[in-house]
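Please look over the model below with these notes beside it. They take the sheet to begin with, then helix packing, then aromatic rings.

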Amino acid sequence: MEVGPGLGSLTLAILETGATMTAVEIDPPLAERLPGTVAEFMPEATSRLTVVNRDALTVTPENVPDFNGDTSFTLVANLPYNVATPILLTLLERFDNLGSFLVMVQKEVADRLAAKPGSKIYGTPSVKLAWYGTAERVGTIGRNVFWPAPNVDSALVRFTRYQADDPAAPGASNSTADGGAQRELVFRLIDAAFGQRRKTLRAALKNWAGGPEASEALLSAAGIDPTRRGETLSIDEFVELGRAVIDARGRGALAPSTVAR
């Protein structure tokens, strides 16, 4: 899959490898023009290209049937910089068979996606992406290779999704058996923890949990020091916190309406 093919220069390079691909393009004139570009410069590849005129944030297995199955696929794209992170997280959520990606994004975004706990740039994109797999920055691209030259540098991010039976996979990250409930809970915890980044977890989660005592009890049950900050927690620790929430809810110690916020 390619998102945002534009005039098709990367599209042609991908097709040159022999790949069968779907290009998702939001702009109708560009989407209409792309098959003609491929027919002109690589006519033997026209049968291996499908163009979908759609916003990538609305793509689902139902409206992109080529990816509605068990076969793993790869995303290769020069992503629109202003929506790169939402696109990646949305596609990973909706497509269990998105096994890997190699994308170009703004350098600062690449650094955040690959950041580790404790880093100043570690945040919600870093930890949510870590739920699904491992990411690393694999190259930097200077602004001078573009015309016109942008005001930012770019970088490549490579990502590999955890296999369902991988012991390193947090929670049920590669299964939809629970309808995504565990992931949604953990992601709400992540949002709450980073919503007040400079506060301790005890303070950051108090409104979410129903009070400082409730938040401290949850953190203690998960084996997490309540004086730590969200930026120091790994995805595995957020998962443990989510389990503590589920346990507290099961014991009636935490109202369902509270944890659903």
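**Notes on the fold**

1. An open sheet has 3 strands in the order β1-β2-β3, and their pairing is parallel. Its edge strands are β1 (2–3) and β3 (49–53), each pairing on one side only. Strands pair if DSSP finds at least two bridges between them. Helices (H or I, at least four residues) and strands (E, at least two) are DSSP runs, numbered from the N terminus.

2. This is a predicted model: local features need pLDDT of at least 70, side-chain atom pairs count only at pLDDT 80 or more, and totals for chains, interfaces and linings use all residues. Residues are numbered from 1 along each chain as its sequence is written, and side-chain values use heavy atoms, leaving out hydrogens and water.

3. Look at β1 and β2 (residues 21–25). They run parallel and are joined by 2 bridges. Glu-2 stands opposite Ala-23 in β2.

4. Helix α2 (residues 28–41) lies across β2 and β3. It runs at about 170° to β3. Angles run from 0 to 180 degrees between N-to-C directions, and axes are lines fitted to C-alpha atoms, for helices over the stretch in contact.

5. How far apart are the axes of α3 and α5? Helix α3 (residues 84–94) and helix α5 (residues 124–132) have axes 11 Å apart, at an angle of about 25°. They are therefore roughly parallel to each other (angles under 35 degrees count as such; over 145 is roughly antiparallel, 65 to 115 roughly perpendicular, the rest oblique). The contact (heavy atoms within 4.5 Å) uses Thr-85, Leu-89, Leu-92 and Glu-93 of α3, with Pro-125, Lys-128, Leu-129 and Tyr-132 of α5. These residues divide into 5 nonpolar, 1 polar and 2 charged.

6. Now take helix α9 (residues 212–221) and helix α10 (residues 235–250). They pack at an angle of about 115°, with their axes 8 Å apart. Leu-218, Leu-219 and Ala-221 in α9 meet Leu-241, Ala-244, Val-245 and Ala-248 in α10. By class, this contact has 7 nonpolar, no polar and no charged residues.

7. The structure holds 7 aromatic pairs (ring centres within 6.5 Å; planes under 30 degrees apart are stacked, over 60 edge-to-face, the rest tilted). One of them, Phe-73 with Phe-95, is edge-to-face, at 5.7 Å centre to centre and 85° between the planes. The pair links distant parts of the chain, 22 residues apart: Phe-73 is in strand β4 (residues 73–78), and Phe-95 is in the loop between α3 and β5 (98–106).

Technical notes: Ala, Val, Leu, Ile, Met, Phe, Trp, Tyr, Cys and Pro count as nonpolar, Asp, Glu, Lys and Arg as charged, and the others, Gly among them, as polar. Rings of Phe, Tyr and Trp (its six-membered ring) pair if their centres lie within 6.5 Å; planes under 30 degrees apart count as stacked, over 60 as edge-to-face and the rest as tilted.
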